[in-house]
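Please describe the side-chain contacts of this protein, with the criteria stated for each kind of contact.

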Amino acid sequence: MRDRQELVYKGQDLGAVYHREETVFRVWAPTADQVELCIYPTGADSDMTECVAMKKDVDGTWLYVKKGDCKNLYYTYRFTREGKTEETMDVYAYAAGVNGRRSMVVDLESTNPEGFEKDTYHNPAHTTDMVVYEISVRDFTADSSSGAKAKGVFLGMVEAGTTNETGEKTGIDYLKELGITHVQLMPSYDFGSIDESVSIENQYNWGYDPINYNLPEGSYSTNAFEGNVRIREMKQMVQRFHEEGIGVIMDVVYNHTYSGEDSCLHKTEPYYYHRTDENGFTDGSACGNEIASERPMVRKMIIDSLCHWAKEYHIDGFRFDLMAVLDQETMRQAREALLKIRPDIVLYGEGWNGGSSALPFEERSLKAFMKNVPGVGAFSDDCRDTIRGDVFVGEAAGYISGMPGMEDYVRFVITGATDHELVGDGLYSEGTWANSPEQSVNYVSCHDNYGLWDKLAVSCPDATLAERKAMNRLAAAMVYTIQGMPFMQAGEEMLRSKWDEKTQTFVENSYNAPIEVNSMKWNLLHENSDMVHFYKGLLAFRRDHAGLRMYTAEQVQKNLRFLETHQPNVVSFVIDAAAVGDTAQQIMVVYNPSKEPVQMPLPDDAQWQVCIEGDRAGTDSLREVSGQIEVGGISAMVLIQQK
């Protein structure tokens, strides 16, 4: 038999292809001695009704055509090798029963909500025009303060008219007013750490543990037992977000599977889908195994899966978990395939590994190699840790909390990690790594590690409440005035915390902490309304000024100049905003992390309008100044010069 590395099936009919008259089952398993198709009436707890031998077909595939209408039948495959038989679900399953253990034949067209064929959303022209808000489906509405009836599920995400206990808008209505452009859904495919067959009330997990890559998580639906429901409800959620002008980014985890030997990938074709060495599975994900994306049929699986989500669910972009476990060629080919479906597709991810990978270093989709993967962005840990302090050392201070000597690193993130005459190395980068600002995803909070507010509590225990709020405002002002794509964790703007009342500690890694720790507490909208209004003002100001949203390195090089401040740790710059079509002539930005105010001369004799100062931000002028300004302690000031 030909080496399985050469047996590449290029067809688009892997899985169960449904037609009313027949369903075509095709699976790639080149080393199997025998493959059988097993039919069940339900997704769990029922006896097999039929088991038929499949026929060996082209390029390592096995084929069976079942006549008649097979809609909603559940099935598995049995693979026999050297006398040992393994039964498992379909790698290419698009529907499944409870806990994803039995695949289901699905008529995908029948799962479309009314009007879904007309559902459209267009991403902004450039990723620098986006503001991404990271959300867990469960976290978003699980707390009673969300006001949602459908708590912790897809439909709750888009429930209209919800309010918290003091009457402020929550949910999708709140997001629309906040001004974000996209939600990034934490894992919403079928994951393994939640038992969907029982109440999820006392269960919680982020979901970075894939079972089935091509179908939604059952615990986020109103009925995990019926395979069509989760599909229809996820589509309803996407459709509703689009109706409100909000795009949907999907967090995908193609770097590992929930288990190694027990995964459908391994049982279907052992030791092919995962990387191995003499000791067994290698662990570039730090989750027990890593996907071998460089192998032809694994690369195909990943690309086919991405295209399925983009076409079938109208997903607007993808965030890749531990993207450096994937090889650069897979990322390039994935983008090429997706652009044929969505010319405006958005792709970005974590440009690092979780552990030691078997993939050669130079092939990894590392942040340092993003110039080799044009059109794909990476999270800027340079930005995150420069601003707030080392993510892995809770007590470590950052620029906003008074760490000295950070000016050069701040300038690096201001330019979106692109080349500039006054920019050298980043905090973690030898030289710049982005082709354009569009590749730099700028953030100070995400689901991992401490959120911004908790980080400030841990790293600045002696700071007053007013000082910590000032640090938070400075961090936010930086994210929304530097070049690149801004990203925020849900609730950052309302000072969300993951405080555990039982242990009296901040939870740093809350992936399986109780929902009481992870859920969004919507009453914080009232308690911290000043901070929420500040964030709204920042988003509005950024949206109004193209100078903060430059999308080529050449624009940044030509139009952004740094000012000499003569003040330790104070960083200031001016943007020739009119050159990129801004309504303002110039934008001036000053960051002052010290506790004392500083005096700054304005760069010319013209009048300037102050739009961001202290705890106020927005598009309206707060006051007019000329000559010299005083920038308050632990604050940012942003001024514009009108044309």
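Predicted model: local features only at pLDDT ≥ 70, side-chain atom pairs only at ≥ 80, totals over all residues.

Residues are numbered from 1 along each chain as its sequence is written, and side-chain values use heavy atoms, with hydrogens and water left out.

**Salt bridges**

A salt bridge is taken as a side-chain nitrogen of Lys or Arg within 4 Å of a carboxyl oxygen of Asp or Glu, and the search of the whole structure finds 37 of them.

| Salt bridge | N to O distance |
|---|---|
| Lys 67 and Glu 22 | 2.6 Å |
| Lys 267 and Glu 86 | 4.0 Å |
| Glu 294 and Arg 275 | 2.8 Å |

Helices (H or I, at least four residues) and strands (E, at least two) are DSSP runs, numbered from the N terminus. Lys 67 in strand β6 (residues 61–67) and Glu 22 in strand β2 (residues 22–28) are 45 residues apart, and their pair links distant parts of the chain. Because Lys 267 lies in helix α5 (residues 264–268) and Glu 86 in strand β8 (residues 84–88), their pair ties together parts that are 181 residues apart in sequence. A network of salt bridges links Lys 84, Glu 86, Asp 262 and Lys 267.

Accessibility is classed by relative accessible area as buried (under 20%), exposed (over 50%) or partly exposed (in between), using a 1.4 Å probe and protein chains only. Lys 67, with a relative accessible area of 61%, is exposed, whereas Lys 267 counts as buried at 14% and Glu 86 as partly exposed at 25%. Arg 275 is buried, with a relative accessible area of 2%, while Glu 294 is partly exposed at 26%.

**Aromatic rings**

Rings of Phe, Tyr and Trp (its six-membered ring) pair if their centres lie within 6.5 Å, and planes under 30 degrees apart count as stacked, over 60 as edge-to-face and the rest as tilted. By this rule the count comes to 23 aromatic pairs. One of them joins Phe 191 and Tyr 220, edge-to-face, at 5.8 Å centre to centre with 70 degrees between the planes; Phe 191 is in strand β12 (residues 189–191) and Tyr 220 in the loop between β13 (210–216) and α4 (227–243), 29 residues apart. Both of these residues, Phe 191 and Tyr 220, are buried. Ring pairs also link Phe 25, Tyr 75, Tyr 77 and Phe 79 into a cluster.

A nonpolar core is a set of buried Ala, Val, Leu, Ile, Met, Phe, Trp, Tyr and Cys residues joined through side-chain atoms within 4.5 Å. The largest nonpolar core has 147 residues, and those with the most contacts inside it include Tyr 133, Leu 175 and Phe 241. Helix α6 (residues 296–312) gives the largest share of this core, nine residues. A second, separate core of 20 residues includes Ala 16, Ala 32, Ala 93 and Val 105.

Helix α4 has 17 residues and reaches 26 Å from its first C-alpha to its last, close to the 24 Å expected at 1.5 Å a residue, where the expected span is 1.5 Å times one less than the number of residues. Because 13 of the 17 residues of α4 are buried, this helix is largely enclosed by the rest of the structure.
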